[in-house]
Amino acid sequence: MPSLTRVAAGERAALLTVESYDIELDLTGPAERFRSTSTVRFRAATPGAGTFVEVRPARLLGVRLNGAELDPAALDDNQFPLTGLAAENTLVVEAEMAYSNSGEGLHRFVDPADGETYLYAMSGMDNAQRIFACFDQPDLKAPVTLTVVAPPEWTVAGNGRLGTGPVSGRWVFAPTPPLATYFVTLVAGPYSVRRAEHDGIPLGLYCRRSLTEHLDRDIEEILTVTRQCLDRLHRLFGVRYPFDKYDQAFVPEFNMGAMENPGLVTLRDEYLPRSAVTDAERERRANVIAHEMSHMWFGDLVTLRWWDDLWLNESFAEYFGTRVTAEATRFDRAWITFALHRKAWGYAADQRPSTHPVAPAEVVDAAEALANLDGISYAKGASVLRQLVAWLGDDAFLAGLREYFAAHRFGNATLADLLAALATSSGRDLTGWAQVWLRQPRLNTVRTEVRLRDDGHYAEVALVQSAPPEHPVLRPHRIGVGLYDTEPAGEGIALWLRDRIEVDLDPAVDGGRTVLDGLSGQPAARLLLPNDGDLTFAKVRLDAGSVAAVPAALSELADPLARALFWAEALDAVTDGERPVADLVALVVAALPAETEVAVVQDVLARARNLLDRYLDPEVRPAALEQLAGACARLLAVAPPGGSGQLAAARGWISSTVDTARVAGWLAGKDVPDGLAVDAELRWAVLRRLAVLGAAGEPEIAAEQAADRSASGAEWAATCRAALPDPAAKEHAWRLLVGGTSLSNRLLEATARGFWQPEQAGLTDSYVERYFAEMPAAARRRTPWVADRVAGLGYPRYAVSARTRELAAALLARDDLPPGLRRVVVDEDDDLRRALAARR
Ligand SMILES: [Zn+2]
């Protein structure tokens, strides 16, 4: 199916002004389809000209333009041609549309817990046309009036407030302010609803019935975060929340974390957990709430003109989501999570062959925009904004944003519009800054170079900036440098910040080597941290003295952000193959049991495990895994009972232990650490490990699923089945992955997650070849999001060999690959390249 191009969108925007959408959906028909009637009123700048409208029906029933019936057979793929436009036009399109099971369009889900049916609409990025006929591009915004006919026992919500009804299942919603098509949403089904209010804004929370108890358990926390974020954003932006209500619907099988539909945010309902979660996971939910709310201004009130400026949505929402979470909620460590977890995503994406600028000059079509929903548009962009704030000052930054909101309220804008507003507010020309930070891909590495005098004082400390040879761009950085030392008063052993300097690296002045004059003559610090405070986006490398000191010193370091940055440096150096995995394992063993930040513990464990599984030869991996399991066991022994640290340690131990008898004992309540609840999710985690190791099979999985009829239970069961070290189980799972479209997005993902296991190389060897042979056809059968997810999760990531890379190269040489699959293979192959190099 063709993706709308930038050129075609530009031509259509020049011709059309859309005045309104009236959308009527009838959800009372048979299970597979719904009826959609879309009435579009629009003006044409050149009467007599032609254009097209998008619609992806199961069956197109009728098209009427200005009263004239058009032949439905004229539909060409997803485009219906419209010719001979008048100055004022009314278009009516009636169609039977298909529900989706891919999270795109109008998704239909039957809850295995109680058999109830739930719908939600996901229109981003170009899926509105799966729900109603529309001019599906972001800069043709128009007010939307939605009418829904639903079974009488259902609850329905849309972007706008309910106008009238429901009368006999007919819900008529009030017209909205102008919306981009990709924001149009609804939820429908026997949803549970909780209502509240804040500062004159009606608040609503929705979830499926079987999750109501979990919503009620967390409702105070969710509402408190919502209220705190609203207040904070009002203060920062100086512009009232621009829509007439703020509903948040937790919906099943949602692809992303959440979607910023004005007035009705949809969030994945894993954010209403049924089992114990860590405080880092609660922070994640708060951050998502803040992120989507930030979009109400960045994206919803002022919308990007075209997908080139995806960063005007995502970088800003990531930046303000993190900032508001840290400043206004109890989750004041949000920048620590950002520094270690989110930025690692950005650094990884920016070092791959598929990297792109934060603000690309030209995104050719919506499909490319979908691929750009990556660590660059989110984490790198947010980090670059943080750097901009450090450079411009917060007051000038916020003043520029207020100007930008005022100038483009309910309209569209571009990078140039934003830069103009910031230039006015700050009095600075941002052209050069934007050129190197927003228009150029790739990142710099900042190394500290230290020369010591004989007395142990610094003779010279310099920060040296470098860039990859294929993108030799050095950048101005405002950067902190922290000197960490033992307290002179000798108050115990903790390492404190002795001194911190902030300095501008300006390659135009010093060619990329900046001497920190203020440090010459000072006693050498035990640890010297470049990018202290995490103001900039750059890889860092420590001086040799600090590298040597980190393993012993890290657990004594009082500042959690500094610890996170030292962890990040160590992980990155191993990822780059500059230091062996064994060094990282030794650091984990030495310092992780003392780590008090659960977000850091979870991230370090996950990334260390990934490196261990891929970078180590099969002969040495088991010993390293045992050390990792040992570190988790020690953390488990010291973590306060019932706390987040205990849970994170337990999960880490479960997934790395080979002591099947002991871990299976937990299922029977044997030797469970005090305070640890072996609840539904933890039971499944145990069962997955037992399945991987061949210590549990289909009978145990079936029994667990029989006891847990929830949707999560079904997903876990799919993962466990795919993970079994059994040829028939692998063959069955593989057929699901490359087969038809009957399985939902989430069950496919769950199956893909289970399939490849580092312990099962011999068993899955033949599937390496099959991936490259069978995935292209499978990807073509699926919608883009699901195709990419299955291709990514289903990639033979543990087959670290030259042969896998040759197969990837042969596939990439073809010219008929779906673009999403090409992107996945390019990125995954690059990760294998690194792993292979590290093994050598
Ligand atoms: Zn977002």
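As it is a predicted model, local features need pLDDT of at least 70 and side-chain atom pairs count only at pLDDT 80 or more, while totals for chains, interfaces and linings use all residues. Residues are numbered from 1 along each chain as its sequence is written, and side-chain values use heavy atoms, with hydrogens and water left out.

Let's start with the metal. The zinc ion has His-291 (NE2), His-295 (NE2) and Glu-314 (OE) as its protein donors, at 2.0 to 2.1 Å. Donors here are N, O and S atoms within 2.8 Å of the metal (3.2 Å for Na, K and Ca); water is not among the atoms, so sites may look incomplete. Along the sequence, the spacing of the donor residues reads H-x3-H-x18-E.

Both histidines sit in helix H3, 4 residues apart, which means about one helical turn separates them. Helices (H or I, at least four residues) and strands (E, at least two) are DSSP runs, numbered from the N terminus. Buried means under 20% relative accessible area, exposed over 50%, and partly exposed in between (1.4 Å probe, protein chains only). His-291 counts as buried at 9%, and so does His-295 at 0%.

Now for the strands, which pair if DSSP finds at least two bridges between them. E7 (residues 88-98) runs antiparallel to E2 (residues 33-44) over 11 bridges, with Arg-33 opposite Ala-98. E7 also pairs with E4 (residues 59-65), again antiparallel, over 6 bridges; there, Gly-62 has Glu-94 as its bridge partner.

What about the nonpolar cores, meaning sets of buried Ala, Val, Leu, Ile, Met, Phe, Trp, Tyr and Cys residues joined through side-chain atoms within 4.5 Å? The largest has 141 residues, and Trp-307, Trp-567 and Tyr-771 touch the most other members. A second, separate core of 127 residues includes Leu-65, Leu-85, Trp-335 and Val-473.

Finally, Ser-744 lies in the loop between helices H22 (727-738) and H23 (745-755). Ser-744 is buried, at 8% relative accessible area. Leaving out residues up to four places away in sequence, Ser-744 touches Asn-101 and Glu-253, where contact means heavy atoms within 4.5 Å.
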